[in-house]
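Here is a short briefing on one protein chain. Look over the sequence and the structure first, then read the points by topic.

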Amino acid sequence: MSEQNGTGEPRRINRKWPITVAVVAVVAAVAGGGFWVWHEQPSFCNAICHTPMDPYLAAFEQEPGVQGIDKWGNTVENTDSMLAVVHAVPKEEGGADANCLSCHKPTMSQQLTEVSEWATGNMPLYANETYGLVLGERDTEQLGEWLSQDGDAFCLNSACHNITRQDLVKATAQYGERNPHMAMHGQQLDCGDCHKAHRASVNACSRCHDDAPIPDGWLTYDQAQEVANRA
């Protein structure tokens, strides 16, 4: 179809631009969706942050229940002792099908703070000021503060472990007076005091009690300190 232009000749109307716009919009939507799916995967953190995330990704992608390595490259006798490994197991296999963002919630303030701390070498526990080394370790209290979660709420909530501390105490009642989930010596252990995500978990009670039971693949307090000091 055409109209007359100023010279009396027919002028064509370009009807292709809506198609072009629609194609660009579809491509952008598909690319954006693909990027967001990738953003949810551990490989995204590794690709964007480069070297600092390499050891985390290597540890995360291990099979559960086998000998493996921790985030520092140290041998771990049983990868079941690392929460990042067992939580990554698909739900149909009894796991949580978790990824990095399941625990490291993507709030803007958290991401900006952690990027700034890494870039300046001002990282918390087990950090090193040299660029490219493993990131500092976050405990559950630090992870929960970005979501205004106090104490047990980071782990014991409706989206993760939908139980109370008292339920947990009852579930491990076989330990009697040495039940690690009870408040002892005037204080309550934090979940992260024993359960580690990217390194072998630790029986914190073994710091004082030599007879504290050490689950398969776990470390005593002294062993954990030795491993951390070598990092």
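Among contacts between residues at least 6 apart in sequence, 37% join residues at least 24 apart. Keep in mind that this model is predicted. The protein chain has 10 helices and 6 strands.

**The chain overall**
- The protein chain holds 231 residues, and buried residues make up 32% of them.
- Its accessible surface comes to about 14700 Å². Carbon and sulfur atoms account for 56% of that surface.

**Salt bridges**
- The count of salt bridges is 2.
- One of them pairs Arg165 with Asp152, with the closest N and O atoms 2.7 Å apart. Arg165 sits in helix H8, while Asp152 sits in the loop between helix H7 (140-145) and H8, so the pair ties together parts that are 13 residues apart in sequence.
- Arg165 is buried, at 12% relative accessible area.
- Asp211 forms a salt bridge with Arg178, and here the closest N and O atoms are 2.9 Å apart. Asp211 belongs to the loop between strand E5 (202-203) and strand E6 (219-220), and Arg178 to the loop between H8 and H9, so this pair ties together parts that are 33 residues apart in sequence.
- Asp211 is exposed, with a relative accessible area of 56%. Arg178 is partly exposed, with 33%.

**Asp190, a buried charge**
- Asp190 lies in the loop between helix H8 (165-171) and helix H9 (191-194).
- Asp190 is buried, yet it has no salt bridge. The nearest side chain of opposite charge is that of Arg165, 6.3 Å away.
- What does the side chain of Asp190 make a polar contact with? The partner is the side chain of Thr140, at 2.5 Å.
- A polar atom of the Asp190 side chain also lies 2.9 Å from the backbone nitrogen of Gly192.
- Setting aside neighbours within four places in sequence, Asp190 is in contact with Thr140 and Gly151.

- Cys103 is in no disulfide, and the nearest cysteine sulfur, that of Cys160, is 6.7 Å away. Cys103 counts as partly exposed, at 33% relative accessibility.
- The sulfur of Cys191 has its closest cysteine sulfur in Cys155, 4.1 Å away, which is too far for a bond. The cut-off for a disulfide is 2.5 Å between the sulfur atoms.
- Cys191 is buried, with a relative accessible area of 15%.

Conventions: Residues numbered from 1 in each chain as written. Predicted model: local features only at pLDDT ≥ 70, side-chain atom pairs only at ≥ 80, totals over all residues. Heavy atoms only, no water. Buried < 20%, exposed > 50% of the residue type's maximum accessible area, 1.4 Å probe, protein only. Helix = DSSP H or I, 4+ residues; strand = E, 2+ residues; numbered from the N terminus. Lys, Arg positive; Asp, Glu negative; His and termini not counted. Salt bridge = Lys/Arg side-chain N within 4 Å of Asp/Glu carboxyl O. Polar contact = N/O pair within 3.5 Å; in protein donor to acceptor, adjacent residues only side chain to side chain. Contact = heavy atoms within 4.5 Å. Areas by Shrake-Rupley, 256 points an atom, 1.4 Å probe, with all protein chains shown as cover.
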